[in-house]
Amino acid sequence: MKRSIFSLLLLVLIFSACTIKYVPVQTDGVTIADDFGVNRTKAYTFAAANEYWNKEPQELTNYFTTFYVSIQNRTRDELQVEVNDFGLIDQNGNQFDVITHDYIEKLLAPRQIDYLLINENKEELLDTEEFFNEQKAVMEEWRTAQNNLITYSFHFGNIMPGAKKSGYIFFPKLESENAECELRYDDRSIKFIRLDEKKKQEKE
């Protein structure tokens, strides 16, 4: 039991050391609320925070920079939100486009899925019951991961009058030395700075 707790604490420490946190910057038109940058217009309210993905598939954070965004339609008409409405700009002005969860599924799908399909005669593919059970567990875990991506990712498309949509959007992982970035939606943007850089500036 002690060994399990130690291993868990070690994983938490490793995860904390390897991940980079960006926090929003208050600018004209952007307010800060609970680590979210909030931008309000007559048509919509756009809020975003750099939040880690902490669900299956766990390795997602190793490959992508993730933001949790919320868009509320403040009009009496439907609001159309498309994947191309978003962009992430790094400190050098490089633009990164949203990565869809369909692409993420293909990238992170376990290799076993390539050949471990529903097959009535499992003996043709599997030599032992133990191996079969291991692969079955992999499939079940991946189904959970797929369900999480569908459930918690931001869903593009129409937002009904007065309604809102929230969820994660994914970008290619920013370089570790990148100190700031800018998340753009429509003609609005929210600037973010790396947390350690912000603390450094506050000390100066």
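Tutor: A polar contact is a pair of N or O atoms within 3.5 Å; within protein, one must be able to donate a hydrogen and the other to accept it. The model discussed here is predicted.

Student: With which side chain does the side chain of E182 make a polar contact, and at what distance?
Tutor: E182 lies in strand β11. Leaving aside neighbours within four places in sequence, E182 is in contact with residues including S189, I190 and K191. The polar contact is made with the side chain of S189, at 2.9 Å.

Student: Why does E182 count as buried?
Tutor: Buried means under 20% relative accessible area. E182 counts as buried because its relative accessibility is 16%.

Student: How many bridges pair strand β11 with strand β12?
Tutor: Strand β11 covers residues 180-185 and strand β12 covers residues 188-194. C181 stands opposite F192 in β12. The two strands pair in the antiparallel sense, and the number of bridges is six.

Student: Which strands are the edge strands of the open sheet?
Tutor: The sheet has five strands in the order β1-β12-β11-β7-β8, with antiparallel pairing. An edge strand pairs on one side only. The edge strands are β1 (22-24) and β8 (95-96).

Student: At about what angle to β12 does helix α4 run?
Tutor: Helix α4 spans residues 195-203. The helix lies across β1 and β12. Its angle to β12 is about 75°.

Student: How far apart in space are E182 and G93, C-alpha to C-alpha?
Tutor: In sequence, E182 and G93 are 89 residues apart. In space, their C-alpha to C-alpha distance is 9.2 Å.

Methods. Residues are numbered from 1 along each chain as its sequence is written. This is a predicted model: local features need pLDDT of at least 70, side-chain atom pairs count only at pLDDT 80 or more; totals for chains, interfaces and linings use all residues. Side-chain values use heavy atoms; hydrogens and water are left out. Two strands pair if DSSP finds at least two bridges between them. Helices (H or I, at least four residues) and strands (E, at least two) are DSSP runs, numbered from the N terminus. Contact means heavy atoms within 4.5 Å. Axes are lines fitted to C-alpha atoms, for helices over the stretch in contact, and angles run from 0 to 180 degrees between N-to-C directions. Buried means under 20% relative accessible area, exposed over 50%, partly exposed in between (1.4 Å probe, protein chains only).
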